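Here are my notes on the model, point by point. Please read them with the coordinates open.

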Amino acid sequence: MWIVFFRYFLKKKKSIESTKKRSILAWLVIWFWILFLLFSKKFTSFYNFPVEQIQNQMTWGIKVLYANIYKNNTDYVAIEELIKQENPDLIFFVEFADHHYKHLKDVLETNYPYSNSTIRSQKYVGNMVFSKKEINNRADNFPQWAWRYGYFSVMYDNQPIYFYLVHASSPSNPKFFHMRNVQIETFFKDFDLHKEVHRERNDKVVVIWDFNTSPWSIFYWKFAEGFNREFVNITRSLPILFTRKSVWFPLFWSHIDHIFANKLVFIKELQVINIPWSDHKGFSFWIK
């Protein structure tokens, strides 16, 4: 009799705990959608922004593939297939590690003889650019690990196009939050210096980065002001976009990957790309 009662008690307890968990999850989902609806107008107004793009058929230009491939991503075959399928002129990889290069070396060395790197740590998890066109490295003389961006130019139509590839720290705790802010502030100081020293008024500039800041954050607008309205976030031309994926609750989805271009750069066929086994989505686009 006691055994039967004990089993009944355990069963009842598990049932109550299960009901409680489902109830908490349900309330979280409800509150998420309430908050989303409250801020949806501000949220959606960021997108479908009129960005001037090339409308005519483009038979020439530079094709770019950008991807945060995730430092622990081991789906090398799928990444190689993505490269072959997109066949870009420039590849921008964020969170690129030694093991990635080891397995992608053949396809990269065969098709992309030029490269630019920004080392993030001693494990060589950083930014890598692979190019079919010759690269003029512009900012490799600073201590690696100190900043989080690469800066280089590529000649096209007898003119340089200047590129930045930036990866700011993820603000997952107060220390990294402060680190991200310092990195972006430092980037803008250097950006202004480069503008004075390296570039002319009519030069074309593209900044591609894992900003680790969403458009509905006050910090996004604070940092975006550093461009002094000379640049447009090309991703605003898309519908609602989540570039940061999560296997967990949709609350953690976010738009933290951005493409800023000055008004002398024209973009065509901007597409969102699914990156195999990465927690980010990427971009594919043409530049004129």
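1. Start with the largest nonpolar core, which has 52 residues. A nonpolar core here is a set of buried Ala, Val, Leu, Ile, Met, Phe, Trp, Tyr and Cys residues joined through side-chain atoms within 4.5 Å. Buried means under 20% relative accessible area, exposed over 50%, and partly exposed in between (1.4 Å probe, protein chains only). Phe 92, Phe 187, Val 207 and Trp 209 touch the most other members. Strand β7 (residues 159-167) gives the largest share, 6 residues. Helices (H or I, at least four residues) and strands (E, at least two) are DSSP runs, numbered from the N terminus.

2. On provenance: this is a predicted model, where local features need pLDDT of at least 70 and side-chain atom pairs count only at pLDDT 80 or more, while totals for chains, interfaces and linings use all residues. Residues are numbered from 1 along each chain as its sequence is written, and side-chain values use heavy atoms, without hydrogens and water.

3. What does Phe 92 touch? Its contacts (heavy atoms within 4.5 Å) include Val 64, Tyr 66, Met 128, Phe 152, Phe 163 and Ile 208, with residues up to four places away in sequence not counted.

4. The open sheet has 6 strands in the order β5-β6-β7-β8-β10-β9, with mixed pairing. Two strands pair if DSSP finds at least two bridges between them. β5 (135-137) and β9 (231-233) are the edges; each has a single partner strand, so one side of each lacks a neighbour in the sheet. Strand β6 (residues 149-156) and β7 run antiparallel, joined by 8 bridges. Tyr 156 stands opposite Gln 159 in β7.

5. Helix α4 (residues 174-197) lies across β6, β7, β8 (204-210) and β9. It runs at about 170° to β8. Axes are lines fitted to C-alpha atoms, for helices over the stretch in contact; angles run from 0 to 180 degrees between N-to-C directions.

6. Helix α2 (residues 76-86) and helix α3 (residues 98-111) cross at roughly 35°, their axes coming within 10 Å. Among the residues in contact are Tyr 76, Ile 79 and Ile 83 of α2, and His 103, Leu 104 and Val 107 of α3.

7. Check two backbone sites. Most residues other than glycine have a negative phi. Tyr 70, in the loop between β1 (62-68) and α2, has phi near 75°. Tyr 70 is partly exposed, at 28% relative accessible area. Asn 87 has a positive phi of about 50° and sits in the loop between α2 and β2 (90-96). Asn 87 is partly exposed, at 45%.
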